[in-house]
Amino acid sequence: MTPPRVLLVSKGLDLGGLERIVIDLALGLTAAGAAVEVAVVNDRRDALIATLETAGVTVHRLGGTDRVGVGAARRLMQLARAQRFDVVHAHGPLPAVLVRLAAPHNSASTAHTPWSALRRVTRAALRLTGRREQAGVAVSAAVQASMPRSMARRSIVIPHGIDASAVRSARSNASANQGHDAVVAIAVASHRDAKNYPNLLRAVRHARGRGADVRLVAVGDGPLQSRHRALADELGVGGVVEWRAAVTNVLPLIAEADMLVVSSDYGGQPLVVGEALALGVPVVATAVGRVPELVGREVGRVVPPGDPAALGEAIAELALDPELRRSMRNAALAQGVGRTIDDVVADHLDLYRRIIDR
């Protein structure tokens, strides 16, 4: 079959999970022979655009905002209607609505966020336009289950995968770099409400109160960072938190930690969880998205969202027991990488072929 011509649409291309999925998909599809272009609504969120352009992928900057905007909406709909694309695949709810309206005969969308976390007006728009698209994707079974029943029945689950070669590189380079005294917990999350840094900081205080010599490396940017720094000082843990800016490749940082901590209130599939396990790093995380699927007791601990005491107890348990961490590391490594980006690309190519056949 002739390789498909695909337009991927994203609200932005900064350092977030959704954006990383779009980048991996664009590069993977291109490597598989597909003709891929990417449309970015808010092109001020551009940290990853250079990655695509360096690889020769055409990027359309639509000049919009996170709320899209009239001009960007018009430009996106004109682009989606262009006859040169076999599939127009939107990532995120607002781009999905516009693509469904513009190109119902060849549109697809991926849901990254649980239904309950979307704004009411967004849910209404998705309901009204849902039957216009050819295919719907959810990034996890949890996201699919959160949808209205009629939408869930029309969607398929395509979880993201791991860059196996990048994991192997990070793991081999980290083996000679560890040697810190305190137990290092790493969090990779933007400073936004959904990531619940206050929950994490209170959990670190709780763990230290239980006698755990734990230090937190917090990797991420966002509008609430100054508030979180102030809260860390207020809680008395400011001296054990290292604040780091978001980076394009976080694998080397995760590989050097003793555990990964996720404190989110909700999410579709925290990508760093699978990456940490592939690196042999135990995970302590809230039960969001794919976390319960990936993190069994042999490789980590899963706790309820919004419970800093439970999160702190889990952090303390691992921090105080090096033999437990060693056992979890060995179990995680024994699981292997599992699902890879190549698997993700193959699943999408199969989906696109079904759309084209229709």
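Contact, as used in this report, means heavy atoms within 4.5 Å. Helices (H or I, at least four residues) and strands (E, at least two) are DSSP runs, numbered from the N terminus.

## Basis of the model

This is a predicted model, in which local features need pLDDT of at least 70 and side-chain atom pairs count only at pLDDT 80 or more, while totals for chains, interfaces and linings use all residues. Residues are numbered from 1 along each chain as its sequence is written, and side-chain values use heavy atoms, with hydrogens and water left out.

## The seven-stranded sheet

Seven strands form an open sheet with parallel pairing, in the order β3-β2-β1-β4-β5-β6-β7. Two strands are taken to pair if DSSP finds at least two bridges between them. The edge strands are β3 (58-61) and β7 (155-157), each of which pairs on one side only. From one strand to the next, the twist averages 25°; axes here are lines fitted to C-alpha atoms, for helices over the stretch in contact, and angles run from 0 to 180 degrees between N-to-C directions. Within this sheet, strand β4 (residues 87-91) runs parallel to strand β5 (residues 107-111), and four bridges join them. A90 has S109 in β5 as its bridge partner.

Helix α1 (residues 17-31) packs on the sheet, where it touches β1 (5-10), β2 (35-40) and β4, and its direction makes about 165° with that of β1. Helix α3 (residues 70-81) lies across β1, β2, β3 and β4, and runs at about 165° to β1.

## Packing of α1 against α16

Helix α16 (residues 341-357) packs with α1 at an angle of about 75°, the two axes being 9 Å apart. That makes α1 roughly perpendicular to α16; the classes are roughly parallel under 35 degrees, roughly antiparallel over 145, roughly perpendicular from 65 to 115, and oblique for the rest. On the α1 side the contact involves D24, L25, G28 and L29, which meet I341, V345, H348, L349 and Y352 of α16. By class, this contact has six nonpolar, two polar and one charged residues. In this scheme Ala, Val, Leu, Ile, Met, Phe, Trp, Tyr, Cys and Pro count as nonpolar, Asp, Glu, Lys and Arg as charged, and the others, Gly among them, as polar.

L351 is also found in helix α16. At 4% relative accessibility, L351 counts as buried, a term that means under 20% relative accessible area, with exposed meaning over 50% and partly exposed lying in between (1.4 Å probe, protein chains only). Leaving aside neighbours within four places in sequence, L351 is in contact with A135, V137 and I156. The C-alpha atoms of L351 and Q134 are separated by 9.8 Å, although these residues are 217 residues apart along the chain.

## The six-stranded sheet

A further open sheet has six strands in the order β10-β9-β8-β11-β12-β13, again with parallel pairing. β10 and β13 (300-303) stand at its edges with a single partner strand each, so one side of each is left without a neighbour in the sheet. Neighbouring strands of this sheet are turned by 20° against each other on average, direction ignored.

Six bridges pair β8 with strand β9 (residues 214-219) in the parallel sense. The bridge partner of A185 in β9 is L216. Helix α9 packs on this sheet and touches β8, β9, β10, β11 (259-262) and β12 (283-286), its direction making about 165° with that of β9.

## An aromatic pair

Rings of Phe, Tyr and Trp (its six-membered ring) pair if their centres lie within 6.5 Å; planes under 30 degrees apart count as stacked, over 60 as edge-to-face and the rest as tilted. The count by this rule comes to one aromatic pair. Y197 and W243 form this tilted pair, at 6.4 Å centre to centre with 45° between the planes. Y197 lies in helix α9 (residues 197-209) and W243 in strand β10 (residues 241-244), so the pair ties together parts that are 46 residues apart in sequence. Y197 and W243 are both buried.

## Buried helix and positive phi values

Eight of the eight residues of helix α12 (residues 271-278) are buried, so α12 is largely enclosed by the rest of the structure. G280, which follows α12, has a positive phi near 80°.

Most residues other than glycine have a negative phi. V68, in the loop between β3 and α3, has a positive phi near 80° and is buried, with a relative accessible area of 6%. N196 has a positive phi of about 50°; this residue is found in the loop between β8 (183-188) and α9 and counts as buried at 14% relative accessibility.
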